[in-house]
Amino acid sequence: MSAGRQVPYDGVANRRNTMNDCRIRLARPDVSDASDILAIYAPFVRDTGVTFEYDVPPADEFAARIGGIAPVYPYLVFERAGRVVAYA
């Protein structure tokens, strides 16, 4: 341990600082968001059996899926520093 002043961790302070550059928003049904979401989804298609797909769909097809589903079941994207890092 260092001889310096110990600051107790309150379980909130560090999270508060790391979430300033984050936001949750509705996904846009365009190739831009579809490509970002597809980059997250593709390893699950390629490397696991948890999807019902055998091949990773192309970005334009995936964008069409988002556009078709979003009016009833919108996709949400989580951005950190302007980059999509998760979706639901």
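**Tyr41 and Phe62**

I looked up burial here, and Tyr41 and Phe62 are both buried. My cut-offs are under 20% relative accessible area for buried, over 50% for exposed and partly exposed in between, with a 1.4 Å probe and protein chains only. I am working on a predicted model, where local features need pLDDT of at least 70, side-chain atom pairs count only at pLDDT 80 or more, and totals for chains, interfaces and linings use all residues. I number residues from 1 along each chain as its sequence is written, and side-chain values use heavy atoms, with hydrogens and water left out.

**Overall layout**

I count three helices and three strands in the protein, taking helices (H or I, at least four residues) and strands (E, at least two) as DSSP runs numbered from the N terminus. From the N terminus on, I read the order as α-β-α-α-β-β. Of the 88 residues, 25% count as buried.

**Aromatic pairs**

I pair rings of Phe, Tyr and Trp (its six-membered ring) if their centres lie within 6.5 Å; planes under 30 degrees apart count as stacked, over 60 as edge-to-face and the rest as tilted. By this rule I get two aromatic pairs. Tyr41 and Phe62 have ring centres 5.5 Å apart and planes at 25°, so I file the pair as stacked. Tyr41 sits in helix 2 (residues 31–47) and Phe62 in helix 3 (residues 59–69), so the pair ties together parts that are 21 residues apart in sequence.

Tyr75 and Tyr87 make a stacked pair too, at 6.2 Å centre to centre and 15° between the planes. I find Tyr75 in the loop between helix 3 and strand 2 and Tyr87 in strand 3, so this pair ties together parts 12 residues apart in sequence. Tyr75 is buried at a relative accessible area of 14%, while Tyr87 counts as partly exposed at 29%.

**Helix 3, both sides**

Which residues of helix 3 are buried? I get Phe62, Ala63 and Ile66. Seen down the helix axis, these buried residues fall within an arc of 105°, so they line one face of helix 3; the arc is that of the directions from the helix axis to the C-beta atoms. On the face turned away from the buried side I note the exposed residues Asp60, Ala64 and Gly68.

**Salt bridges**

I call it a salt bridge when a side-chain nitrogen of Lys or Arg is within 4 Å of a carboxyl oxygen of Asp or Glu. The structure holds six of them.

I checked Arg65 next. Its side chain meets that of Glu53 in a salt bridge at 2.9 Å, N to O. That pair links distant parts of the chain, with Glu53 in the loop between helix 2 and helix 3 and Arg65 in helix 3, 12 residues apart. Arg65 also forms a salt bridge with Glu61, the closest N and O atoms being 3.1 Å apart. Arg65 and Glu61 both lie in helix 3, four residues apart, about one turn of the helix. Arg65 counts as partly exposed at 27% relative accessibility, and Glu61 counts as partly exposed at 37%.

Then I went to Asp33, which meets Arg28 in a salt bridge at 3.5 Å, N to O. Buried or exposed, I asked of Asp33? Asp33 is buried, with a relative accessible area of 1%. Arg28 is partly exposed at 38%. I also see Asp33 and Arg28 in a network of salt bridges with Arg23, Arg25 and Glu79.

**Strands 2 and 3**

Strand 2 (residues 76–80) and strand 3 (residues 83–87) pair in the antiparallel sense over four bridges; I count two strands as paired if DSSP finds at least two bridges between them. The two strands form a hairpin with two residues between them, and Ala81 in the turn has a positive phi of about 55°. Which residue stands opposite Phe78? I find Ala86, in strand 3.

**A nonpolar patch**

Ile24, Leu26 and Leu76 form a nonpolar patch on the surface, with about 300 Å² of accessible area together. My patches take residues with over 30% relative accessible area and no salt bridge, joining like charges within 9 Å and nonpolar side chains (Val, Leu, Ile, Met, Phe, Trp, Tyr) within 5 Å. The accessible areas come from the Shrake-Rupley method with a 1.4 Å probe, and for residues only the protein chains shown count as cover. I place Leu26 in strand 1 (residues 22–26), and Leu26 is exposed at a relative accessible area of 54%.
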